[in-house]
Amino acid sequence: MSADPTATDPDPRTRGLDYEIVLVAYKSAGLVRGLLDALPGRPVAVVDNGRGVDGLAEVVAGRPGVRYLDGPGRGFASGANLGASTSSHDIVIFVNPDSSPTPDVLDALAADVAADPGLGAVSATTVLPDGSVEIGVGGWEPTARRALVHAVGAHKVFPTAGLWARPVPGQPIELDWLSGACMAVRRSTFADLGGFDEQFFVYNEDVAFGRSLREAGLRQRVRTDLLVPHLGGGSGDGKTHMLRLRGASLVRYVRMHHPAATVLGIRLALTLGYAPRYLLARARGRTGLAAEHAAYVTGLWRGAPANLST
């Protein structure tokens with residue numbers, strides 16, 4: 001009996017999988033280097049939103065199947081759209097530079113999309129360095145009630161009642177949107193739906209894309225059996241800056257799709273939850289943590305910082 005050629009061949013095309021990885025990077029050349037070293041033979045588009053500030057072009061140069069794109073510098077959504085729109089592959093897999101999917105995980109995501117025309121997107125489950133599942137691997141349409149559940153910590157008791165999901169490994173869960181940290185989508189589907197909404201500089205473009213998938217009648221699936229290490233903020237600007245952007249992006253999304261009463265309800269609920277956390281952190285002398293809570297609430301009410309960078 002002849003040997004199975006797919007047993008040792010690293011090229012996914014031998015298994016009928018035609019995909020390209022899209023990395024949107026900002027001041028994360030070291031992370032990108034490590035990820036590319038771990039994925040030899042995989043086609044990758046590296047979109048540099050840092051405009052060469054950290055020598056990312058040199059990291060990419062000379063690597064077979066890896067292409068460098070000078071990003072627009074207008075946030076994750078525009079960089080991801082550039083990578084996808086210039087790809088010649090059937091499937092694109094968006095991967096954050098601070099995540100570490102294995103080739104087997106990427107192959108499994110691509111195989112799911114290729115096998116099911118009704119599946120709009122599929123993602124892996126990201127886990128933090130301590131091995132715990134990251135909250136926010138996906139979630140549900142924002143409502144004031146869901147925001148209140150999260151704000152008071154009740155999502156720890158009722159895990160499907162809050163805004164953001166933290167699934168149990170191996171247990172299926174139905175979500176309204178998937179995180180773009182490690183997500184596969186058919187390139188034609190992504191193009192037909194207009195890609196990620198570039199009104200979102202960073203955060204909530206995946207929530208908006210999930211809404212587009214639902215409106216198109218396409219399903220979404222998070223693979224809770226595929227666990228991918230994720231640093232959770234290992235790339236991008238400072239944490240307080242990014243948390244303010246997170247709060248601002250949530251409000252932008254809700255304003256676009258919900259009445260003013262829902263916007264106010266979500267703002268009030270999350271402020272109710274984070275204000276006591278801020279005061280407690282201050283009382284304990286944890287000024288950095290207090291600043292992070294304050295930055296998030298500031299984003300909810302005052303919007304994004306004046307000077308944005310990805």
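Ala, Val, Leu, Ile, Met, Phe, Trp, Tyr, Cys and Pro are taken here as nonpolar, Asp, Glu, Lys and Arg as charged, and the others, Gly among them, as polar. The model is a predicted one, with local features needing pLDDT of at least 70 and side-chain atom pairs pLDDT 80 or more, while totals for chains, interfaces and linings use all residues. Residues are numbered from 1 along each chain as its sequence is written, and side-chain values use heavy atoms, leaving out hydrogens and water.

On that scheme, the second largest pocket is lined by 11 nonpolar, 4 polar and 4 charged residues. A pocket is an open set of points on a 1 Å grid over the protein atoms alone, where a 1.4 Å probe fits, with protein on both sides within 12 Å along at least five of seven lines; lining residues have an atom within 4 Å of a point. Its volume, the space filled by probe spheres set on the points, comes to about 230 Å³. Of the 19 lining residues, A248, S249, R252, G303 and A304 sit closest to the centre. Helix α8 (239-257) and helix α10 (287-302) each give at least two lining residues, and α8 has the largest share with 7. Helices (H or I, at least four residues) and strands (E, at least two) are DSSP runs, numbered from the N terminus.

Turning to the sheet, 7 strands form an open, mixed arrangement in the order β3-β2-β1-β4-β8-β5-β9, where pairing takes at least two DSSP bridges between two strands. Strands β3 (66-70) and β9 (219-229) are the edges, each pairing on one side only. The twist averages 20° from one strand to the next. Strand β2 (residues 44-48) runs parallel to β3, joined by 5 bridges; V44 has V66 of β3 as its bridge partner.

Helix α1 (residues 29-38) packs on the sheet, touching (heavy atoms within 4.5 Å) β1 (19-25), β2, β3 and β4 (91-95), with its direction at about 165° to that of β1. Axes are lines fitted to C-alpha atoms, for helices over the stretch in contact, and angles run from 0 to 180 degrees between N-to-C directions. Helix α7 (residues 205-215) lies across β5 (119-127), β8 (182-186) and β9, at about 140° to β9.
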